[in-house]
Amino acid sequence: MFINGRIIKEIALSSGADQVGITTAEPLFYMKERLENRKKEHRITPFETSEPYSRIKPGLLLQDCQSIITIAAPYAAAEHPVPQKTAEPTGKVARCARSLDYHVLIETLCRQIIKGLQQEFGTGFEYRILCDRSPLLERELVSNSGLGLIGENCTLINHRYGSYTALGTILTTLAFEPDQPEGKHCMQCGRCREACPTGALLAPYIINPYLCLSYLTQASGCFPRTMRSKMDRQIYGCDICQEICPHNQDAKCSPIPEMAFSFFPAKPLLLPLLRLTQKEFKTTINLTSAGWRGKTILQRNAVIALGNIKDPHTVKPLAAILKNDNRAIIRLHTAWALGRIRNGKALFALEKAYHNDPDLEVRKEAKLALQEN
Ligand code: SF4
Ligand code: SF4
């Protein structure tokens with residue numbers, strides 16, 4: 001006997017979440033083959049597990065799971081402040097990383113729903129809140145619960161807020177009446193695949209994360225050399241395949257007040273970002289979903305963006321970084337950036353790094369940068 005799900009919608013609505021659905025805890029066996037193909041084709045990132053059952057069986061994460069409550073919380077604010085028109089080089093930050101960390105938002109909304117359920121049904125049920133960091137195919141569950149379509153760009157497209165939504169799920173041992181999916185696919189216009197600057201969207205619904213800027217700007221270590229110029233100014237995440245999508249043209253902005261404030265500007269000035277102290281980082285970017293990656297990866301990306309912008313005025317600060325920064329990963333990407341700008345002062349700084357840098361990989365990068373045209 002199912003419990004009517006209306007109670008959840010009412011609780012959620014009073015907490016500020018208007019996109020809430022329910023789906024069953026049945027395993028998603030129909031996804032197994034797709035997951036196996038991803039593994040065979042080496043399209044699984046270190047952020048995911050390659051073991052398919054933990055991705056499709058909710059019961060492995062919560063014993064006796066009966067229902068899954070899903071949330072699609074909009075994160076795109078109407079307009080985040082952007083710097084006044086300036087000649088200073090700026091980067092680009094995806095919408096999901098400008099405001100309060102959406103994991104915090106989802107966790108807060110889910111806790112409020114749980115509190116409401118406990119008031120209604122007591123505390124004798126089990127639950128588990130998930131957002132992004134579990135192996136389960138959360139996007140598929142959210143789609144199955146009637147909250148959206150899957151786009152060819154592999155995003156969940158909500159009928160009200162488009163694809164600028166953060167997804168969360170609550171596994172529970174309470175059995176609620178499930179909602180019906182609203183349909184499986186987007187308009188299938190192909191514009192997202194045409195617009196993608198890296199060719200990461202290999203075919204409808206198939207993405208190679210190793211070509212996707214959203215993944216690459218978060219991945220640690222050396223940014224693949226062949227992908228650096230394709231990154232352009234995109235220093236965290238990428239919205240290109242979402243901005244072009246017809247489903248997003250009339251998407252509503254987030255009505256959630258916390259999402260209106262920007263801790264990480266849409267177009268941050270790049271040179272100040274390179275000088276950001278740990279204390280400044282902690283009270284700004286660290287409060288967004290980009291914070292988990294830490295300051296160094298964002299500064300690595302900022303240096304690459306400067307290499308793509310090729311402003312000769314940035315040679316002096318970049319040369320100083322190449323000489324003085326104590327992080328080899330930053331010096332290595334700075335060598336690449338100076339090689340892209342390639343004026344006399346940039347080449348002089350590269351020559352010095354090639355002969356004097358204490359790190360072999362930085363010296364190799366400086367050599368490559370000197371050789372390239
Ligand atoms: S996020 Fe950017 S790089 Fe990734 S698939 Fe979309 S357009 Fe391509
Ligand atoms: S751009 Fe077109 S094909 Fe891509 S997700 Fe949107 S509707 Fe689908």
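Me: Domain bounds come from an automatic or database domain assignment. What is the chain divided into?

Reply: Two parts: domain 1 (1-268) and domain 2 (270-373). Before we go on, this is a predicted model, where local features need pLDDT of at least 70, side-chain atom pairs count only at pLDDT 80 or more, and totals for chains, interfaces and linings use all residues. Residues are numbered from 1 along each chain as its sequence is written, while chains are lettered from A and ligands numbered from 1, in the order in which they are written.

Me: OK. How many residues of domain 1 are in contact with domain 2?

Reply: Call two residues in contact if their C-beta atoms, placed from the backbone, lie within 7 Å. Here 27 residues of domain 1 are in contact with 27 residues of domain 2. On the domain 1 side, α4 (102-121), α8 (225-231) and β10 (234-236) each give two or more residues. The largest share, 3 residues, is from α8. Those labels are DSSP runs numbered from the N terminus: helices are H or I with at least four residues, strands are E with at least two. The chain has 16 helices and 10 strands.

Me: What about the largest nonpolar core, how many residues are in it?

Reply: A nonpolar core is a set of buried Ala, Val, Leu, Ile, Met, Phe, Trp, Tyr and Cys residues joined through C-beta atoms within 7 Å. Buried means 20 or more other C-beta atoms within 10 Å of a residue's own, all placed from the backbone; 43% of the 373 residues pass. The largest core has 99 residues, and I106 and A335 are among those with the most contacts inside it. Helix α14 (residues 328-341) brings the largest share, 8 residues. Leaving aside neighbours within four places in sequence, I106 touches I71, A73, C131, A166 and G168.

Me: And ligand 1: which residues surround it?

Reply: Its shell includes N153, C196, T198, C212, S214, C238 and C241. α7 (213-216) and α9 (240-243) each supply at least two shell residues.

Conventions:
Near = placed C-beta within 6 Å. Buried ≥ 20, exposed ≤ 12 C-beta atoms within 10 Å, placed from the backbone.
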